[in-house]
Amino acid sequence: MATPPNRQPILSVENLRTYFHTPDGLAKAVDGVSYHVHPGETLGVVGESGCGKSVAALSILRLIPTPPGEIVSGDIRFNNQNLLNLSTRRLRGIRGRRISMIFQEPMTSLNPVFTIGYQLSRVFSLHNRLSKKAARRRALEMLAACDIPSPERIMTSFPHELSGGMRQRAMIAMALGCRPDVLIADEPTTALDVTIQAQIMALMLRLKEQFGMAMILITHDLGIIAGSAQRVVVMYAGEKVEEAPVAGLFHHAAHPYTAALIQSLPVLGRRETFLKEIKGMVPPPHQDIPGCKFADRCHEAVDACRRRRPQLKEIEPGHLVACIRRTDS
Amino acid sequence: MNQPLIKVDHLSKHFALKKSGLFKERRYVRAVDDVSFLIGRGESFGLVGESGCGKTTVGRSILRLTEPTAGRVEFEGRDVTHFKRPQLKTYRRHAQMIFQDPFASLNPRMTLADIVGEPLLIHRIGSKKERRRRIITVLETVGIDPGYMQRFAHEFSGGQRQRIGIARVLTLNPKLIVADEPVSALDVSIQAQIVNLLVRLKDDFQMSYLFISHDLAVVEHIADRVAIMYLGHIVETAPSELIYKKPRHPYTQALLTAIPRPDPDAPRQRTILEGDLPNPAQPPSGCPFRTRCPQAVDQCTAAAPAMTAVGPGHFVSCHRVDA
C-alpha cells in the first residue's frame with residue numbers, strides 16, 4: 001500500500017490558495033493545500049460541504065470562475081510543468097485529455113440538446129483528431145466498456161432519456177475516452193441511489209485498473225473512501241488537516257476532526273442510543289481565524305490552539321496531521 | 001401493541017400519465033400499490049427505499065397531502081381518508097411533517113418567530129403572550145437561541161434550519177411526525193446532531209415517527225421497525241435489529257451489501273445488483289423485483305408473491321423465502 005519513495009507523483013498540488021471575493025469579504029476557500037497522486041493510485045479527498053475539496057479540484061484545471069474566484073498562489077505540477085503558468089491553448093490540450101473530470105450531477109454536465117453519441121464523438125474528434133467515423137467508433141467502444149446495454153441506441157438518445165446511473169456511465173465514457181493519466185471524480189455517486197452507486201464505483205475502479213490511471217476521488221462519504229482509496233486527505237475549512245494511508249486513517253485517526261467524523265457515522269448493525277455528534281458548525285469562510293479552525297468544535301482544544309495555526313507534521317511514515325495536541329507534547 | 005396510532009390498510013396511489021394520443025388508453029404510474037402497515041404509539045417506523053419507490057407518497061398520503069387512490073389510513077381508529085375539512089384540520093394538529101430540504105421548506109420572508117409560531121396561529125391556540133412563550137420553549141428544546149427570533153431563515157445554516165423545521169412541528173405537540181429524509185441534505189457532522197435531537201424528542205414527548213429515508217444506517221439507528229419498499233410495494237418488514245442481522249428479501253440483502261462501509265477492512269461488495277429500476281409506468285409482471293433479482297425463477301414472473309411471516313413481526317414478500 002505504501003508508495004515506493006522513488007516514484008514520482010503524476011500530479012501534485014502545492015500550497016494552493018484559491019480565494020473568492022464575496023460581498024461578505026474575502027473567502028479563503030482553499031488556504032494553502034498540498035496533495036499529490038502517484039500513477040495508478042487513488043487519492044481520496046474527504047470533507048464536508050464548504051471545506052474546499054471541490055474548489056481545490058477545480059483549481060487544478062483552472063476551472064474557477066474569475067472573478068469572483070482567484071487562484072492566489074501555489075503550484076499545480078503535472079508532467080514537469082506548472083499548469084497555473086500554462087497558456088490557455090496548451091492547457092486545453094491537457095483538460096479532458098490528460099486530466100479528465102467527472103462531476104456529481106451528470107444532467108448538468110451533459111448538454112441537453114445534443115445526443116449522447118454526438119457529445120462523446122465530438123470530444124474524441126477534438127482531442128485525438130479522429131475522423132467522424134473513428135470518433136463514433138471510439139464512442140461506441142467506450143459506452144460498451146462502461147457496461148451500457150445496447151450502446152447503439154444510447155448513442156442516439158438525449159441525456160433526459162437516460163436514468164441517472166446511465167448518464168453517469170455516459171460521463172465516465174466521455175471522461176475516459178481519451179485515456180487520461182489522471183481522473184478527477186468529484187462526488188461521482190452522490191446523486192445516485194445506493195444500488196446504482198455500488199455499480200458505478202465498481203465500474204470506475206475496474207476501468208481505473210484497466211487503463212492504469214491515477215484517480216483523485218472527492219467525496220463526503222467516508223464509506224466510499226474506505227472501499228476505494230489508497231491514501232486519504234481530510235480537509236476542513238479550506239485546509240488539509242490530515243493525510244494518511246487509508247488503513248491508518250480509519251484505525252488511528254489522529255486529528256480530532258477526523259476521529260469525530262468517523263465516530264459520528266451511524267454504522268449498520270451497531271445501534272447505539274445516541275450518535276457521537278460534533279458540536280457547533282463549520283466557521284464561515286470569510287471569518288479570519290488566527291488559530292486552529294476546528295478549535296471551537298474540538299473537545300481537546302486548549303488555549304494554544306486558538307493562538308496560532310497548527311502546522312502539518314508527520315507522525316508516522318506518510319501520516320500527516322495538523323494538530324498541536326498530537327504533534328507538540 | 002393495543003390500538004395502533006396509525007393503520008395503513010391496502011393503500012394505493014396511482015398517478016395518471018398524459019395520454020399519448022386521443023384514442024390511446026390512459027396509463028398510470030402505480031407509485032404506491034397495496035401497502036399496509038401499523039405504527040404504534042411512541043413507535044418509530046422507518047420506511048426505506050431508493051428514489052421513486054413511493055416512500056414519500058406513502059408519507060404524504062397519510063397526512064392527505066396527496067389523496068390516495070384506494071385503501072384506508074386510520075388515525076386512532078378513525079378513517080382519515082374521508083375526513084372533511086374541519087376534521088382534517090384537527091387531524092393535522094396531531095400529525096405533522098418535517099421535510100428534506102430546509103432551504104425550501106421555510107418561507108424566506110418570515111422571521112423565525114413567525115415561522116415557528118404559524119401553526120399556533122392557524123389552529124388559534126393561546127393568546128399572543130402564550131404563543132410567544134411556547135415559541136421560546138420549543139426553540140430552546142431544539143437548541144436554537146430564542147434571541148434570534150427576529151431573524152430570517154437565510155441567516156441560519158442547514159442544520160439550524162432543520163432544527164427550526166422541527167421546532168415548528170413541535171409547537172403543536174403532535175402525536176405523529178412524518179419525517180421525509182430529514183437528514184439527507186445535511187453534512188455528516190450535522191446529521192448526527194439532528195438524528196440525536198429526533199431520538200431525544202421522541203422519548204421526551206412520546207411521539208411516533210414515520211421516518212422516511214434512503215439511508216438504512218440512519219434508519220436502523222432511529223427506527224424500532226423498518227419496512228423496505230421497492231417500486232411501490234413493501235417487500236419486507238421487520239424489527240430493525242432483525243433487518244440488519246437476518247435480511248430475508250433479496251432486495252434488502254442487496255441494499256445492505258451496497259452500502260459503503262466506513263471500514264477499509266470490510267469485505268468488499270458481494271452482490272452488486274444489475275440494471276436499473278424498471279419504469280414504474282410499466283412494472284414487471286409478478287414480483288416487482290424479479291428483473292434485477294439474482295434468485296428469480298419462473299414462478300416470480302408468473303405471480304406476485306404474498307406477504308408471509310418468517311418470524312415474530314418479520315414479513316417478507318418473496319417466492320424464494322420459506323417461512
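Colleague: Let's start with B:F211. Which residues is B:F211 in contact with, once we leave aside its neighbours within four places in sequence?

Modeller: There are B:S44, B:F45, B:G46 and B:L47, then B:A179, and then B:V219, B:I222 and B:A223. Keep in mind that this is a predicted model.

Colleague: What makes two residues count as being "in contact"?

Modeller: Their C-beta atoms have to lie within 7 Å. B:F211 and B:A179 are listed as in contact, so by that cut-off their C-beta atoms lie within 7 Å.

Colleague: And what is B:F211 part of?

Modeller: B:F211 belongs to the largest nonpolar core, which has 186 residues. Along with A:V182, A:I216, B:L210 and B:I228, B:F211 is among those with the most contacts inside this core. Helix α7 (residues 164-176) of chain A gives the most to the core, with eight residues.

Colleague: Why do you say that this core lies between the two domains of chain B?

Modeller: Because domain 1 (6-17 + 26-230) and domain 2 (249-258 + 269-323) of chain B both give residues to the core.

Colleague: How do you know that the two domains of chain B touch?

Modeller: By counting contacts: 11 residues of domain 1 of chain B are in contact with 12 residues of domain 2 of chain B. On the domain 1 side, β2 (28-39) and β9 (225-230) of chain B each supply at least two of the touching residues. That side divides into six nonpolar, one polar and four charged residues. As for the centres of the two domains, 29 Å separate them, taken over C-alpha atoms.

Colleague: Why does the radius of gyration of chain B agree with that of a compact globule?

Modeller: Set the two values side by side. A compact globule with 323 residues would have a radius of gyration near 20 Å, and chain B has 21 Å, so they agree. The C-alpha atoms of chain B fill a box of roughly 65 × 55 × 45 Å along the principal axes. Inside that chain there are 10 helices and 12 strands, and buried residues make up 45% of its 323 residues.

Colleague: Why is A:P39 called partly exposed?

Modeller: A residue needs 20 or more C-beta neighbours within 10 Å to be buried, and 12 or fewer to be exposed. A:P39 has 15, so A:P39 counts as partly exposed. A:P39 sits in the loop between β2 (25-37) and β3 (42-46) of chain A. Not counting residues up to four places away in sequence, A:P39 touches A:I10 and A:A214.

Colleague: What makes helix α1 of chain A "largely enclosed"?

Modeller: Eight of the eight residues of α1 (residues 53-60) of chain A are buried, so the rest of the structure largely encloses that helix. Those residues include A:K53, A:S54 and A:I60. After α1(A) comes A:R62, whose phi is positive, near 50°.

Colleague: How do you know that β1 and β4 of chain A pair?

Modeller: The cut-off is at least two bridges. Eight bridges join β1 (residues 11-22) to β4 (residues 69-78) of chain A, so these strands pass that cut-off. The two run antiparallel, and the bridge partner of A:T18 in β4(A) is A:I71.

Colleague: What joins β1(A) to β2(A)?

Modeller: Here there are 10 bridges, and these strands run antiparallel too. A:L16, for example, has A:V33 as its bridge partner in β2(A). A hairpin through two residues joins β1(A) to β2(A).

Colleague: How many residues of chain A are in contact with chain B?

Modeller: 38 residues of chain A are in contact with 38 residues of chain B. The largest share of the chain A side, six residues, comes from α8(A). By class, that side has 20 nonpolar, 12 polar and six charged residues.

Colleague: And what covers the buried residues of α9(B)?

Modeller: The cover includes α8 of chain A, together with α7 (216-222), β9, β10 (233-239) and α8 (240-245) of chain B. Among the buried residues of α9(B) are B:P250, B:Y251 and B:L255.

Key. Residues are numbered from 1 along each chain as its sequence is written. Chains are lettered from A and ligands numbered from 1 in the order in which they are written. This is a predicted model: local features need pLDDT of at least 70, side-chain atom pairs count only at pLDDT 80 or more; totals for chains, interfaces and linings use all residues. Helices (H or I, at least four residues) and strands (E, at least two) are DSSP runs, numbered from the N terminus. A nonpolar core is a set of buried Ala, Val, Leu, Ile, Met, Phe, Trp, Tyr and Cys residues joined through C-beta atoms within 7 Å. Domain bounds come from an automatic or database domain assignment. The radius of gyration is taken over C-alpha atoms; the globule rule is 2.2 Å times the number of residues to the power 0.38. Ala, Val, Leu, Ile, Met, Phe, Trp, Tyr, Cys and Pro count as nonpolar, Asp, Glu, Lys and Arg as charged, and the others, Gly among them, as polar.
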